[in-house]
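Subject: Structure handover

Hello,

Please find the structure below, followed by notes on what was found in it.

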Amino acid sequence: MVAVATRTPLIAGNWKMNLDHLQAVALVQKLDWALRDAKHEKGSVEVAVFPPFTDLRSVQTLLDADRIAFALGAQDLSTHDSGAYTGEISGAFLKKLACTYVIIGHSERREYHDETDEVIAAKVQAALRHGLVPVICVGETLEQLEEFGAAAVPVGQLQVALEGVPADAEIVVAYEPVWAIGTGKVATPEQAQDVCAALRAVIAEKLDADAAGRTRVLYGGSVKSGNIATYMREPDVDGALVGGASLVSDEFAAIVRFQKHVGV
Ligand code: PGA
């Protein structure tokens with residue numbers, strides 16, 4: 001039985017490999033203005049941005065100086081803490097830059113960088129070692145959807161990623177069907193709900209019922225201002241991991257404000 005808990009919705013913008021540090025600063029400023037203009041209530045929805053590594057310091061400085069209440073996250077981290085690993089970024093460095101979150105196991109990392117479930121599990125451990133909250137991404141390809149249905153692959157991926165994670169760890173899970181990322185194709189709210197509920201059951205099994213009750217499970221894949229509310233109505237969907245639409249300040253602000261424009 002999963003304990004009932006209040007989960008603050010999390011709207012996370014994964015910028016992927018877009019925007020240099022100057023463009024990053026401009027986007028965060030515009031997003032802040034858009035939300036201030038709309039009188040967005042800060043505590044109602046948590047907003048997080050995930051810029052490329054080279055932008056993190058500039059964005060952190062801006063958030064700090066202008067007291068902007070967005071959480072900061074990175075898109076990946078090394079399994080190692082330091083040493084002779086050319087090109088890698090340690091979780092320790094991300095923590096020093098005031099990152100709260102780090103995305104782990106995004107399907108683009110799984111596909112283009114051959115990240116296995118075991119590598120992803122090691123990255124989850126690295127994030128936790130450095131006090132970062134891992135945003136663990138799972139999802140099935142179109143072939144896997146046709147062969148196994150929607151939940152089987154993401155459930156299996158999450159079971160491995162949560163190996164050895166303590167029950168009191170703070171984590172976020174993101175269900176992103178690979179066939180819905182950047183394609184304009186979306187899962188139906190019912191599909192998203194079913195898989196997010198199955199993932200919450202994995203958290204209950206691998207961590208405990210309390211963890212399952214408090215952990216945010218996000219949906220991702222072609223989320224826009226026009227469809228966010230349909231997902232947020234589902235009881236096991238606690239937010240969204242947004243790619244393309246997070247690069248457009250007004251559109252991302254409208255997604256953050258899903259409670260207002262559709263009356264969820
Ligand atoms: P999308 O990307 O919103 O552009 O589909 C989502 C993601 O990959 O996190």
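At what angle do helix 5 and helix 7 pack, and how far apart are their axes? Before the answer, the conventions. This is a predicted model, in which local features need pLDDT of at least 70 and side-chain atom pairs count only at pLDDT 80 or more, while totals for chains, interfaces and linings use all residues. Residues are numbered from 1 along each chain as its sequence is written, and side-chain values use heavy atoms, with hydrogens and water left out.

Helix packing

Helix 5 (residues 117–129) packs against helix 7 (residues 152–161) at about 45°, and their axes are 8 Å apart. Helix 5 is therefore oblique to helix 7 (angles under 35 degrees count as roughly parallel, over 145 as roughly antiparallel, 65 to 115 as roughly perpendicular and the rest as oblique). Helices are DSSP runs of H or I with at least four residues, numbered from the N terminus. Axes are lines fitted to C-alpha atoms over the stretch in contact, and angles run from 0 to 180 degrees between N-to-C directions.

Helix 1 (residues 21–37) takes part in two further pairs. With helix 11 (residues 249–256), the axes come within 9 Å and cross at roughly 45°, so helix 1 is oblique to helix 11. That crossing is right-handed. With helix 2 (residues 56–65), the axes come within 9 Å and cross at roughly 30°, so helix 1 is roughly parallel to helix 2. Helix 1 also passes helix 2 in a right-handed crossing.

Ligand site

The ligand is surrounded by 13 residues (a heavy atom within 4 Å), and the closest are Lys16, His106, Glu176, Gly182 and Ser222. By class, this shell holds 4 nonpolar, 7 polar and 2 charged residues (Ala, Val, Leu, Ile, Met, Phe, Trp, Tyr, Cys and Pro are nonpolar, Asp, Glu, Lys and Arg charged, and the others, Gly among them, polar).

An oxygen atom of the ligand lies 2.7 Å from a side-chain N or O atom of Lys16, and an oxygen atom of the ligand is 2.8 Å from a polar backbone atom of Gly243. The protein covers 96% of the 280 Å² of accessible area that the ligand has on its own (Shrake-Rupley method, 1.4 Å probe).

Regards

Definitions and conventions: A polar contact is a pair of N or O atoms within 3.5 Å; within protein, one must be able to donate a hydrogen and the other to accept it, and residues adjacent in sequence count only if both atoms are side-chain atoms. Helices (H or I, at least four residues) and strands (E, at least two) are DSSP runs, numbered from the N terminus. A crossing is left-handed if the near helix is turned anticlockwise from the far one by less than a right angle, and right-handed if clockwise.
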